[in-house]
Amino acid sequence: MSLSIRSKPYIIPEYSLTGDLLAYLTCPLQYRYQNKGTLPPSMPIQLWFGDFIHGVMEEAYLKWKENEWKDFPWDWETQIRQIELEIHKRMESRGLQPPANLFCPFTEEDEHQGLCPDTHHPHKLVASIRAEAALNTWGPHLFPLVDDSEVRLKGIRDMPHYQKGTSRSNYYGVTGIIDVLSSVKLEEASDRNLIIKYLHRDPAFQEKLANLDSDKYEVIVDYKGMKRPSIGSPSWDHHYWQVQTYAWLRSLQPESNPVLIGILFYLNELSLFKEDLAELKREVKEESTDIMPDGGDRESILKWNPKHRIPLFSESFRHLRSIRMIPMDEVSLERSLQEFDNVVADIEGSIINEVDGQVIQASWKTNPDKRTCDACDYKTFCKNSASTKKLTVP
Ligand SMILES: [Zn+2]
């Protein structure tokens, strides 16, 4: 397989924060096969769901804004399902098929079974259960605060370790897409708004607010189709860098106001499944998560085992677990940009290895992790896969 390089003259490689940098950090070799390979596009579960849930939340916001449906909760069959199918069609046209057992792509009229349990479509599978929970939990609090949705960000940085003749370019581009909440809308919001409540309770936010020169500020938002990472885990840190970097990109836009804080929504926390719960149980025992359960929630997590049904946790616990506030900080912003420079340097280095004739598997690092590997399409021929599936020759 040869890597296609665009004509020599001048290219600026462009890296999206989530699609490239975070995907690369999950596993470099998997990233290589997904993004730069000639294999048919196919995504691991988490990436597919991440794209899907972003699409569903954005489309739902537009519907809400156009006054089509104002009152929550929305009904899955008659309302949310329309949005899901619309997003699925859009993703499918980009070649992105839902992983098996995650999403039912059919309507009542469809007669074939596909990967569904039977022909009684539509099936409310994992992706739909989570989309419904995300929308009905956060939609009513978040949508009234959104000032600008799907804001496209772009910045240029110096290529790390630039070498004339070897490096592809002396610059690289960083891109990202965010939702922006503005101070104006935050002031108008009802005092029953959960997001406002959490913001007001956050000491770092209060301090930033007190030290602000102008009366205008912004909060940026991103959705994560995953469970809340444990403190200090790679994802925990990467998300922190991501939000700092978004704030930097936003600050480059002339119409922006200072970004005080970023909010991440870990949407799987609203409805945990077995693997997530097993992880949470371990984290609670090790006290490695920042939002610890108490009372009945704690008891049902510690007593749970994979043969049991998933217990229903208290609403406040689910809410707190699914929202993460990240205050902006100039020192960590600098460090975050540096981290991303390092990742770009790594990716560019691997590309150069390949261009120099090294085989793919030798050119890219791997990051074996059982969950990532089990969900990876390339596990059968990856030498370092942590998945127990047998190796085959490609
Ligand atoms: Zn179905």
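Helices are DSSP runs of H or I with at least four residues and strands are runs of E with at least two, both numbered from the N terminus. The views below show a predicted model, in which local features need pLDDT of at least 70, side-chain atom pairs count only at pLDDT 80 or more, and totals for chains, interfaces and linings use all residues. Residues are numbered from 1 along each chain as its sequence is written, and side-chain values use heavy atoms, with hydrogens and water left out.

**View 1. Overall fold of the protein.** The protein has 15 helices and 6 strands, and its C-alpha trace spans about 60 × 60 × 45 Å along the principal axes. For 394 residues a compact globule would have a radius of gyration near 21 Å, and the 22 Å of the protein agrees with this (taken over C-alpha atoms, the rule being 2.2 Å times the number of residues to the power 0.38). Among contacts (heavy atoms within 4.5 Å) between residues at least 6 apart in sequence, 73% join residues at least 24 apart.

**View 2. The zinc site.** The zinc ion has as its protein donors C104 (SG), C116 (SG), H121 (ND1) and H123 (ND1), which lie 2.1 to 2.3 Å from the ion; donors are N, O and S atoms within 2.8 Å of the metal (3.2 Å for Na, K and Ca), and because water is not among the atoms, sites may look incomplete. The angles among the 4 donor atoms run from 101 to 121 degrees, and the site is tetrahedral (four donors with all angles between 85 and 135 degrees). In sequence, the donor residues follow the spacing C-x11-C-x4-H-x1-H. Both C104 and C116 lie in the loop between α4 (76-93) and α5 (126-142), so the pair ties together parts that are 12 residues apart in sequence. C104 counts as buried at 0% relative accessibility, and C116 counts as buried at 5%, where buried means under 20% relative accessible area, with a 1.4 Å probe and protein chains only.

**View 3. The largest nonpolar core.** Of the 51 residues in this core, W48, F52, W138, L142, I195 and F265 touch the most other members; a nonpolar core is a set of buried Ala, Val, Leu, Ile, Met, Phe, Trp, Tyr and Cys residues joined through side-chain atoms within 4.5 Å. The largest share, 9 residues, comes from α3.

**View 4. Surroundings of I195.** Apart from neighbours within four places in sequence, I195 is in contact with W138, H141, L142, L145, I263, F265, I323 and M325. A second, separate core of 44 residues includes Y24, L153, I326 and M328.

Conventions
Four donors count as tetrahedral if all angles lie between 85 and 135 degrees; four count as square planar and six as octahedral if opposite donors are over 155 degrees apart and all others between 65 and 115; anything else is irregular. Buried means under 20% relative accessible area, exposed over 50%, partly exposed in between (1.4 Å probe, protein chains only).
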